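Biologist: Hi! I'm new to this one, could you walk me through it?
Modeller: Happy to, here it comes.

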Amino acid sequence: MTALIIDDEAPARTIVRQYLADFPQVRIVGECADGLAAAESIARLQPELVFLDIQMPGLNGFEVLARLEQVPRVVFSTAYDQYALSAFEAGAIDYLLKPYDRARFRRAVERVLQHTTADAPDANLQRLLQRLEDARTTPPTPAAPAAFPPRLFVPQGARLVAVPIETIRWVEAAGDYATLHTTTGQHLSNLGITALKARLDPQRFLRIHRSVLVALNAVLELERDGSGGYYATLEGGKVVRVSRSYADALRPLLG
């Protein structure tokens, strides 16, 4: 089966490409970063399957499909759950809500491989849609006391590799995903920065910007920026900004 990956965020395309390595029966024929290129590539390459983002420059995912004479099998991949009903009405086989993990992606591809018609959504999809609706309307239950893992697993090709927590120096948002900067290199996580923050001990890691988490023991120096924030110098010389809205979290650490 030939597949085309369509997403305006490079980290999201990387995740799909890495996860598809588990399926040798699926061959990637291209990638697109905007809606206009997507419509042209689908018409030219005639892929049997597309992984399609919804909010993109040029055309959104639904507008891309509206331009096609022949629509391939579609798995939507988006950070927004409000489009689920429209996606299934458009004939989508599955709806991946970012950030998703390898197991969820595998279920979507297995569903595609079993799918033979473009009929209405099956019972599994209806249940997925109901879960999305429940998630919007059901109040969250109180969380149990957090147990912070000693390591995180991140995709690397067809494998998952362990990244020890103590090696992480800072975390940077990469669209709906995040890059872990460690003492041994960089790793693209399939989790967003908010999800990673929930997995990291707040006694050891601090969010200093909407798109940055730092390990406290990696901070060597703080310099006021003149507007209520700071510049933090990390091990290795990296300088990151502590935005004013997050500066209060640092104050207990200041002598």
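Biologist: Is F76 buried or exposed?
Modeller: F76 is buried, at 0% relative accessibility. Buried means under 20% relative accessible area, exposed over 50%, and partly exposed in between, using a 1.4 Å probe and protein chains only. This is a predicted model, where local features need pLDDT of at least 70, side-chain atom pairs count only at pLDDT 80 or more, and totals for chains, interfaces and linings use all residues. Residues are numbered from 1 along each chain as its sequence is written, and side-chain values use heavy atoms, with hydrogens and water left out.

Biologist: And what about F62?
Modeller: F62 counts as partly exposed, at 21% relative accessibility.

Biologist: How many aromatic pairs are there?
Modeller: Seven aromatic pairs. Rings of Phe, Tyr and Trp (its six-membered ring) pair if their centres lie within 6.5 Å; planes under 30 degrees apart count as stacked, over 60 as edge-to-face and the rest as tilted. F62 and F76 have ring centres 5.2 Å apart and planes at 45°, so that pair is tilted. Because F62 lies in helix α3 (residues 61-66) and F76 in strand β4 (residues 73-78), the pair ties together parts 14 residues apart in sequence. Helices (H or I, at least four residues) and strands (E, at least two) are DSSP runs, numbered from the N terminus.

Biologist: Which residues do ring pairs link into a cluster?
Modeller: Y19, F51, Y100 and F105.

Biologist: New topic: where is D53?
Modeller: D53 sits in the loop between β3 (49-52) and α3, and is buried with a relative accessible area of 4%.
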